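Here are my notes on the model, for you to read beside the coordinates.

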Amino acid sequence: MADGDNTGDVQARLDSLASMVDELGSDLRTLPTMGDLSNRLRPPLKSPDLLAAWRHDWLSREQVESKARDATRKWLELKLDFGETVPPGGDVDRDGDRDAADVAADVHAYLDRLDEDRGVKGLFCEAIAWAELFGGALLVLGLDDGGDIGEPLDESRLRGIRWLFVCEAYLATVREYERDPGAGARFGKPRLYTVSALEGQTTLVVHSSRVIRFPGPLTPREHVLQNGGWQDSALQATAEAIRDYHVGQKGATNALSKFSIDTFAQKGLAQTVALPGGAEKLKGRARALRAGIALGGVAMVDAELERYEVTGRPVGGMAELIDRKNRNVAGAINVPETKIFGQAAGTVRAGAESDDATYCADVASLQERVLVRQFERLARLVLAATEGPTGGVLPRTLKVEPCPLQELSAKDKAEVFKLRAEALGRLIDAGVIDPLEARREFDGGAHGVALDAAVQEALEAVRDAERERAAPEPAPEQPAPPAPDA
C-alpha cells in the first residue's frame, strides 16, 4: 500500500472515531487521537486534554481520585520515641502525663493549621490525585530558615513552616538538574523548579530541598525528561479503554431507545406511492396515526385496507455485553467494579471480593511508596523547627504507619476473640503461661471487641490478685514491751 493511501486510511479512521466521541456529549472530543488503535501515533496527552477529561468524564475522575481518597481516608499514625525526656507541652490525650503520643498529636495539629480549608490530610489527597492526573505534583513549603526560597534549606536554622500549597506538574517544571557526581543520591535529580504560584504571573524558583515531590505513574527516564521532569498521566494508558466504554454505553442506550419497530401496512401501498402526491398522502396518514396513538393511546386503522403493529427488537445478550464492558474498564483503570458502579460485592460476578482485596493491596503499596515517605519528611521538618511543637528537639526514632484500609466486622472480631481465648486457655492449661500473662493479652478487648460484664469482672479479680502479689508484705507486728513494775 502506498504511503499516501496509508495516511488517508489512518486519518479516516481517526475522523470516524472522533465522530463517535462527539456523540458522548462531553469534552473528551478534545482528545481526537485517543482512538489510534495502532498505539504508534498517539501523542502524549496535554494538560488541557487532561483537564477536560477530569472535568467532564466521571470515569476519568474516578480513576484519578479513587486511590488518592482511599490512601488518605484512614490517614497515618505518627510514632515517636524521645526516651525518658519528652519535650514539654500539653496532655492532648488526657492520660495524666505528657508522652510521645501527645507530641505526635501536636505535629498533626501544627500541620493542619497551615491549611484551614482541608488540613494536611486534604493536601496530601490532592497531591496524590494531581500526580495521577498530570504525572506529578509538588507540595511547596514556606520554610523559615532565613534563606531565599531558591537556596538549599539550612535545617539547623529552621524556625518553622509558614505556608504550603500543592502545585500541579504542568505549573512546576524542572529548571535545573543536579549535575555534580559528588552529590550522592541527589545526582541526576531535580535541583531547582520553576513554579507558577499565583495567577500565572508570579513565578518562583524553588530549591528541591523546599518541596516534597509526588511522582506519577512509572515512566521511562527519556519520557520524563521530555515531559519537563515529570511522569506520564495515568490517563495516557487508559484513555482508549475509557473511550470504548462510553461508546459501548452510548450504543446500548441507542439500542434501548429503538427497542421496538412500528410497522404500517396498507393495501396498494406501492401504487399509492407511485401516484402524483402519493408519498405526501402516505406521510400524512402516518402522522395522523401517530397523533392518535400519542393523544388517545389508540391506533385506529381500516380493518380491510390497513394494518398497524409494533415489533420488538431482540436485545438478547445486551446485559452480558454491558457487564463485559464494565469489567473491561474496571480492569483498565484498576478500580473494582464494586467501587466504580456502587454495587455490593454479592451482586456482581464471582471474584469481586478478590478484586477488592487486590485494590486495597495496591492502595497500601501507594501508601508505603509515596504517602509514608513524604509525610515522614514533612513531620521531621516540623520537629526540627525551633518554633514547632518540640522546640527543635528531634526524637530518637520517628516512624509513620498508615492505618489499615480494611477493618474486621463485629462478627469477625468476635471470632478472632474466641480463637485467641481458646488458644490462651490451652497455653494456661499446659503451664506455658500464667493467667496474668493471658490477662494482659485481653485487657481492653481483642481487636476492639469489648468484653462483656462477666469477663470484665473476672479480669478485675485477676488484677486485684496481681496487685496483692506485687504489694510488699507488711512487717510483722512487734509485741508490746512489758509494762514496768509499779
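How are H2 and H5 oriented to each other? Bear in mind throughout that this is a predicted model.

1. **The helix pair.** H2 and H5 are oblique to each other. Helix H2 covers residues 47-56 and helix H5 covers residues 119-134. They pack at an angle of about 120°, and their axes are 10 Å apart. The oblique label follows because angles of 65 to 115 degrees count as roughly perpendicular and those over 145 as roughly antiparallel.

2. **Who makes the contact.** From H2 come Ser47, Leu50, Leu51 and Trp54. From H5 come Trp130, Leu133 and Phe134. Sorted by class, the contact of H2 with H5 has 6 nonpolar residues and 1 polar residue. No charged residues take part.

3. **Salt bridges overall.** The structure holds 20 salt bridges.

4. **Asp81 with Arg396.** These side chains meet in a salt bridge at 3.3 Å, N to O. The pair links distant parts of the chain, 315 residues apart. Asp81 sits in strand S1 (residues 76-81). Arg396 sits in the loop between helix H12 (352-384) and strand S10 (397-402). Arg396 has 62%, so Arg396 is exposed.

5. **Arg191 with Glu178.** Here the salt bridge spans 3.8 Å, N to O. Arg191 belongs to strand S5 (residues 190-198). Glu178 lies in the loop between strand S4 (172-177) and S5. The pair therefore ties together parts that are 13 residues apart in sequence. Arg191 is partly exposed, because its relative accessibility is 27%. Glu178 counts as buried, because its relative accessibility is 18% and the cut-off for buried is under 20%.

6. **Arg243 with Asp244.** Which distance separates the closest N and O atoms of Asp244 and Arg243? They are 2.2 Å apart, and the two residues form a salt bridge. Check this pair by eye in the model. Arg243 has a relative accessibility of 6%, so Arg243 counts as buried. Asp244 is partly exposed, with a relative accessible area of 24%.

Note on methods:
Residues numbered from 1 in each chain as written. Predicted model: local features only at pLDDT ≥ 70, side-chain atom pairs only at ≥ 80, totals over all residues. Heavy atoms only, no water. Axes fitted to C-alpha atoms, helices over the stretch in contact; angles between N-to-C directions. Helix = DSSP H or I, 4+ residues; strand = E, 2+ residues; numbered from the N terminus. Parallel < 35°, antiparallel > 145°, perpendicular 65-115°, else oblique. Contact = heavy atoms within 4.5 Å. Nonpolar A, V, L, I, M, F, W, Y, C, P; charged D, E, K, R; others polar. Salt bridge = Lys/Arg side-chain N within 4 Å of Asp/Glu carboxyl O. Buried < 20%, exposed > 50% of the residue type's maximum accessible area, 1.4 Å probe, protein only.
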